[in-house]
Amino acid sequence: MKGQLAGSAGLESRLIGNSPAMQTLRQQILHFARTDAAVLITGETGTGKEVIAQALHDFSPRQDGPFIAINAAALPESMVEAELFGHEAGAFTGANRQRTGRIEAASGGVLFLDEIVSMPLGLQPKLLRVLQEKQVDRIGGTRPVDVDIRLVSAANMDPKEAVVAGRLREDLLFRLNTIELMVPPLRERGRDSLLLFDTFLNRFAAQYGQDVPAPSARDEAFLQTYSWPGNVRELRNAAERFVLNAGVGPQPLEALVTGRRDTGPIPAEGGLKELMDAYERNLIEGALRRHGGRMADVMSELNLPRRTLNEKMARLGLNREQSGVADLAET
């Protein structure tokens with residue numbers, strides 16, 4: 001029990017958030033870390049998939065072994081095979097000496113393959129064989145090399161859609177997703193954005209030797225209503241910019257993140273509901289104006305379904321004529 005409590009506390013400092021989704025995710029990580037089953041982590045870009053992969057290593061019996069990460073999308077297709085499987089000297093032009101591949105280097109530990117759906121289709125059967133046989137064939141090699149790895153992979157799209165699109169072999173998917181961990185986007189994590197932003201503010205203030213700037217009510221309203229398409233990565237960058245700008249030319253967080261300066265004033269006083277209503281009104285009003293009342297474009301920018309947008313507009317007393325455009329026939 002002491003070990004579980006210590007692990008839980010350590011994981012909370014890496015995967016920050018009090019939302020039910022994050023609490024469940026942390027419990028899953030600590031539970032599945034004790035196994036050797038293959039894990040597929042799915043989630044949008046910037047949600048922290050590599051942090052989860054690292055945690056699956058660090059809280060597992062393999063924690064003293066290597067953690068080897070490779071992004072399949074970041075390497076030219078011609079290099080992926082050599083990086084993963086290694087090669088013997090003279091295997092191809094330029095191969096002057098033997099090279100150990102990432103799979104072999106991860107033996108005894110965890111291999112993390114990010115953007116797995118970007119792996120060339122021609123190499124996927126070879127990876128499948130590694131998972132089945134626990135052996136790797138170096139390029140130009142004459143005999144396989146035994147490996148002992150736990151594979152953790154990640155994808156920022158639905159892996160089943162990748163199979164349908166012909167980007168991922170179905171038999172490989174069955175090997176990859178023995179366990180599937182789904183990471184929620186930041187916009188679905190409630191007040192976690194406030195907690196994360198405060199944490200990042202303190203970290204960057206300490207890093208740059210500056211005072212911790214205090215977000216205004218307007219900033220906090222923005223934190224909770226912005227869709228954060230870049231997720232935690234985008235929020236972290238916003239916190240760093242907020243700290244660095246605080247001492248020379250403080251700006252509203254919204255301006256730092258979106259560059260928009262066309263929203264109306266936010267009341268300096270009032271309860272949270274009044275502040276949130278005022279912020280939402282400004283945000284929707286600005287989107288209506290920018291898109292000439294075209295609801296489909298407004299829905300896309302704000303990442304809202306039509307019904308939710310209509311309800312918010314009715315509650316806030318807004319209509320498409322707020323755009324100031326005469327022809328509003330498009331729905």
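Is lysine 126 buried, partly exposed or exposed? At 22% relative accessibility, lysine 126 counts as partly exposed. Here buried means under 20% relative accessible area, exposed means over 50%, and partly exposed lies in between (1.4 Å probe, protein chains only).

This is a predicted model, in which local features need pLDDT of at least 70, side-chain atom pairs count only at pLDDT 80 or more, and totals for chains, interfaces and linings use all residues. Residues are numbered from 1 along each chain as its sequence is written, and side-chain values use heavy atoms, with hydrogens and water left out.

A salt bridge is a side-chain nitrogen of Lys or Arg within 4 Å of a carboxyl oxygen of Asp or Glu. The count by this rule is 16 salt bridges.

| Pair | Closest N to O |
|---|---|
| Glutamate 81 and lysine 126 | 3.0 Å |
| Lysine 312 and glutamate 280 | 2.8 Å |

Glutamate 81 pairs with lysine 126. This pair links distant parts of the chain: glutamate 81 sits in helix H4 (residues 77-85) and lysine 126 in helix H6 (residues 124-133), 45 residues apart. Helices are DSSP runs (H or I, at least four residues), numbered from the N terminus. Glutamate 81 is partly exposed, at 27% relative accessibility.

Lysine 312 bridges to glutamate 280. Lysine 312 belongs to helix H15 (residues 306-316) and glutamate 280 to helix H13 (residues 272-290), so the pair ties together parts 32 residues apart in sequence. Both residues are buried.

Arginine 189 is buried at 4% relative accessibility.

Asp36, Arg62 and Asp148 are joined in a salt-bridge network.

Note on methods:
Helices (H or I, at least four residues) and strands (E, at least two) are DSSP runs, numbered from the N terminus.
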